[in-house]
Amino acid sequence: GKARTLLRESSESALGVPATLGSVDTSLSGLDINLGLVDFNIHNPAGFEGAPLLHLGRVSCNLRISSLMTDTVTLDRLVIDDLRLRIVQNGSRSNLAPLLQKVAQGVRGKTPAESGDQSPPEDPVSGPRLALQCLTLRGVGVDFELAGLGDLTVKESATLPDWTLPLEDLRASDGGAPTMDDVLSYLLERLHTRALVAAETYV
């Protein structure tokens, strides 16, 4: 239940769209918890139907039990299998644009130094902070649906090479360890960049 709530709230906070989670698998291994999230979907913004914008078939991680009692949860590994990104461009409308705009705006808001407010800030962190070195993606696919651009109509799919995203330098807006919001935002930005390179084959 906590995993479902955290993922839903993190998705809405970071990207401005709802998310759903199929199931959660857990098992104990010594002093660690093996956690598997199955069929995690980040949905399209309003006005776009069909398959979700981002589908994660399985997210696997290894949590240190002792860190669950602290403000920063330690993950030895985070692996995403069977990831699918759907990019829809219909004329001037894009299913990705609102999410990227949300990320660019900085969902945390202004700090007291920026706003001139000297009062203590409210805690902006959504969920626990994560001590995570890297994120591995395997089985990554991208679906392109382009229409309403003159005579250009494209409906193609591409497979991206597996790769590992280093996260050592990823930080929350206050300079602390990242939260799930930050990881989701970073993942979408990197995926978008690689997807545009793959799209050059067709456009």
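Asp 82 is partly exposed, at a relative accessible area of 45%, and in this predicted model it sits in strand 4. What makes Asp 82 worth a look is its backbone: phi is positive, about 60°, although the residue is not a glycine. As a rule, most residues other than glycine have a negative phi. Asp 39 is another case, with a positive phi near 55° in a residue other than glycine. You'll find Asp 39 in strand 2, and with a relative accessible area of 36% it also counts as partly exposed.

Stay with strand 4, which spans residues 72-90, and move along to Arg 86. Is Arg 86 buried or exposed? Its relative accessibility is 9%, and the cut-off for buried is under 20%, so Arg 86 counts as buried.

Arg 93 lies over the face of Phe 48, at 4.5 Å from the ring centre. Arg 194 does likewise with Trp 163, at 4.0 Å from the ring centre.

Now zoom out to the whole chain. It has 4 helices and 9 strands, and from the N terminus on they run α-β-β-β-β-β-α-α-β-β-β-β-α. Of the 203 residues, 43% are buried. Among contacts with a separation of 6 or more, 64% join residues 24 or more positions apart.

That leaves the empty space. Rolling a probe the size of a water molecule over the atoms shows where such space is left. Here the largest pocket holds about 750 Å³. Its lining counts 28 residues, and the closest to the pocket centre are Ala 3, Leu 6, Leu 35, Leu 63 and Pro 128. Which elements each supply at least two residues of that lining? They are helix 1 (2-15), strand 1 (19-29), strand 2 (32-42), strand 3 (54-64), strand 4 and helix 4 (180-199). That brings us back to strand 4, where Asp 82 is found.

Methods:
Residues are numbered from 1 along each chain as its sequence is written. This is a predicted model: local features need pLDDT of at least 70, side-chain atom pairs count only at pLDDT 80 or more; totals for chains, interfaces and linings use all residues. Side-chain values use heavy atoms; hydrogens and water are left out. A charge sits over a ring if NZ of Lys or CZ of Arg is within 6 Å of the ring centre and within 35 degrees of the ring normal. Buried means under 20% relative accessible area, exposed over 50%, partly exposed in between (1.4 Å probe, protein chains only). On a 1 Å grid over the protein atoms alone, a cavity is a set of points where a 1.4 Å probe fits but cannot get out, and a pocket is an open set with protein on both sides within 12 Å along at least five of seven lines; lining residues have an atom within 4 Å of a point. Grid points are joined across faces, edges and corners, and a volume is the space filled by probe spheres set on the points. Contact means heavy atoms within 4.5 Å.
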